[in-house]
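Here is a short briefing on the structure shown below. Please keep the sequence and the 3D view at hand while reading.

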Amino acid sequence: MTTGSSHRHAPLLLIAPAAILLFVFLVLPYLSIVVMSFRTPGQGSPYGEGYTLANYARFFGDSFYLGQIANTLMIGFICTLACLLLGFPVAWQLARGTSRLRGLAYGVVLSPLLVGIVIRSYGWTILLGNNGVINRSLMGLGLIDRPLGLMYNTLGIVIALTHVFLPFMILPIMSAIQGIDPSLESAARSLGASRATIIRRIILPLSMPGIQAGCILTFVLSLSAYVTPSLIGGSKVKTMAVSVVDALVDTFQWPFGSALALGLAVTGGVIVVLFSRFTRMTWKAN
Amino acid sequence: MTEVSIEQLTKDYGTHRAVAGISVRIRDGEFISLLGPSGCGKTTTLKMIAGFEDVSSGAIRFDGRDVVNVPAERRDIGMVFQNYALFPHMTVAGNLAFGLEMRKVPKVQMQERIARVLDMVQLTSHADRYPRQLSGGQQQRVALARALVIEPKILLLDEPLANLDAKLREEMRVFIRDIQRRVGITTVYVTHDQAEAMTMSDRVVVMFGGRIAQCGSPSDIYEKPSSIEVAQFVGQVNLMTMVVEERLADDRVRLSGPLGEAVVPNPHALRKGERVTVALRPEAIDISVTGPGQSATVLSSHYSGSLMDYRLQLADGSRIDVQTFPRQRFAEGDSVHVHAPADRYWLLEDAE
């Protein structure tokens with residue numbers, strides 16, 4: 001009897017530590033953010049008494065913040081698209097290549113993750129700045145007269161984020177392609193398909209789960225990125241995550257900061273759900 | 001319709017020579033099997049015909065035209081893979097349509113052709129299923145249909161029955177052979193299963209170590225194998241030493257050995273008294289209680305349903321294997337007589 005029930009509860013016991021950890025450090029804080037976002041602003045304290053919808057009214061009523069969330073989403077979309085276009089061929093080569101340099105290439109792909117985020121972002125400021133390596137080289141070669149604006153704008157943020165998140169796109173797609181039986185490609189060739197057709201008709205649809213996972217990861221990570229956008233965007237271009245931290249830490253507006261944070265999270269969540277619905281539909285229909 | 005001619009075909013992987021200058025001429029509509037143990041070069045040869053492997057040297061001609069530099073997708077071949085390689089994200093009809101779409105066949109004609117081939121493989125009612133919803137045998141038939149629907153010049157099959165269970169495998173042998181005859185397509189079939197090669201092929205090419213050991217009809221291969229290796233690969237065989245007794249008038253020699261007399265052709269101008277190695281199939285030997293023949297003792301017997309396998313010891317101490325129908329059975333230790341008709345022996349050319 002005792003052994004019987006302990007057997008039955010064994011799976012529950014096994015997931016209990018992770019479940020408790022998640023509840024205490026993720027679910028509870030989230031709930032507290034939700035509650036916080038409805039509180040009134042405080043005078044001399046993080047929040048005042050009572051509850052209000054004013055924080056959301058301010059968020060949705062202010063074109064500054066709406067513009068900012070639009071810009072953040074745009075950065076997310078462009079980074080995801082850039083990572084997909086740059087990452088897919090690399091993932092394909094890593095999955096199917098026979099070169100002895102594959103191990104090295106794998107290491108290069110992972111390398112952005114091996115460097116701390118702050119160091120990496122400072123590295124990008126050295127490269128992208130008006131007096132940075134890229135602009136000076138281009139001017140030295142006489143290709144441009146004055147520095148290209150690569151820092152303190154959306155372009156700079158996109159470049160740096162694409163670099164960091166590329167591995168998160170490449171790895172799931174690579175493993176999806178590795179899971180595709182190579183004889184399918186031979187079969188398609190024997191039926192008269194060119195290389196491009198094989199990629200479009202066989203590899204792309206069958207690696208869709210990997211593409212979907214990679215896109216979601218990259219998109220979500222770009223939306224929530226903080227260090228890179230704040231270092232490269234500076235005070236001129238702010239993403240939503242930067243504004244959230246500003247509100248929470250710099251100006252001490254916990255309720256409003258919470259509303260901003262939830263606004264970003266919900267928007268991102270809705271897009272991810274719509275995206276996965278849509279992609280699943282297309283590959284089912286294929 | 002296509003005649004395939006393979007000339008001095010060679011494939012090297014670094015220093016390893018996988019296929020060493022083989023030449024075969026496959027007639028239009030012929031069903032030919034490449035038979036051999038794994039690593040003999042049969043699959044590499046098939047891949048070179050298909051265009052999946054580069055050719056190190058030699059020629060592959062389809063109706064006289066060398067296709068060595070033609071990429072696989074333009075060789076117009078139909079190929080059936082060992083693991084079927086059906087596209088998992090397409091229905092049966094989608095799989096069949098793929099090759100036709102590549103050939104830009106008009107929609108109406110496409111549907112007609114798919115329907116006709118599906119009917120041929122008896123899968124008409126499964127057109128809208130996905131491969132994962134089909135059994136192994138059904139998937140196999142879809143793979144065959146997909147290769148045939150494009151009406152290719154030649155059909156290539158790479159161990160297509162290896163993943164099926166024994167009963168289905170035998171059914172599929174007949175099924176594939178039937179369809180191949182009806183369509184009349186030139187076919188190359190790779191297998192390591194000698195029974196498969198025997199029952200399906202017009203001709204069998206036996207390969208060892210990248211070379212052709214023998215090429216001939218199934219009965220030639222089985223009854224007149226050119227070497228011990230071929231004889232042993234396509235079935236059991238008894239080897240024995242015999243002595244030349246006399247040269248007969250019609251260019252044959254009479255031999256004597258532990259099992260009695262043999263009469264074989266004499267291609268090497270053997271002289272009287274010379275010792276030669278001959279081979280004899282276990283089922284060519286008759287076994288009885290009273291004779292005729294030499295006396296022997298039963299060492300072991302194995303029952304396999306339709307056949308009995310015996311190992312016997314002859315009076316001179318040598319051992320032979322005998323295969324008979326189990327109508328009459330003998331037990332270990334029984335004394336019996338064995339006899340083989342003189343014309344069932346053959347001389348091994350590379351014998352010492």
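The points below are grouped by topic. The model is predicted.

**An annotated domain in chain B**
- The unreviewed UniProt entry lists residues 4–234 of chain B as "domain: ABC transporter".
- Over residues 4–234, chain B is 37% helix and 26% strand.

**A sheet in chain B**
- Five strands of chain B make up an open sheet, in the order β13-β12-β11-β14-β20, and their pairing is antiparallel.
- The edge strands are β13 (260–265) and β20 (346–347) of chain B, each of which pairs on one side only.
- Strand β11 (residues 238–247) and strand β14 (residues 275–280) of chain B run antiparallel and are joined by six bridges.
- B:N238 stands opposite B:L280 in β14(B).

**A helix in chain A**
- Helix α7 of chain A covers residues 154–178, which is 25 residues.
- From first C-alpha to last, α7(A) reaches 35 Å, close to the 36 Å expected at 1.5 Å a residue.
- α7(A) has a kink of about 45 degrees at A:F165, shortly before the proline A:P167.

**The cavity**
- The structure holds one cavity of 30 Å³ or more, and the volume of the largest cavity is about 30 Å³.
- Its lining consists of B:L144, B:L148, B:L155, B:I176, B:I179 and B:Q180.
- Both α4 (136–149) and α5 (166–183) of chain B supply at least two lining residues each, and α5(B) gives the most, with three.
- Which kinds of residue form the lining of the largest cavity? Five are nonpolar, one is polar and none is charged.

Conventions: Residues numbered from 1 in each chain as written. Chains lettered and ligands numbered in written order. Predicted model: local features only at pLDDT ≥ 70, side-chain atom pairs only at ≥ 80, totals over all residues. Heavy atoms only, no water. UniProt positions renumbered as here; feature names shortened; annotations may be inferred. Helix = DSSP H or I, 4+ residues; strand = E, 2+ residues; numbered from the N terminus. Pairing = 2+ DSSP bridges. Expected span 1.5 Å × (residues − 1). Bend = angle between axes of the 7 residues up to and from the residue. 1 Å grid on protein atoms, 1.4 Å probe; cavity = no way out; pocket = protein on both sides within 12 Å on 5 of 7 lines; lining within 4 Å. Points joined across faces, edges and corners; volume = space filled by probe spheres on them. Nonpolar A, V, L, I, M, F, W, Y, C, P; charged D, E, K, R; others polar.
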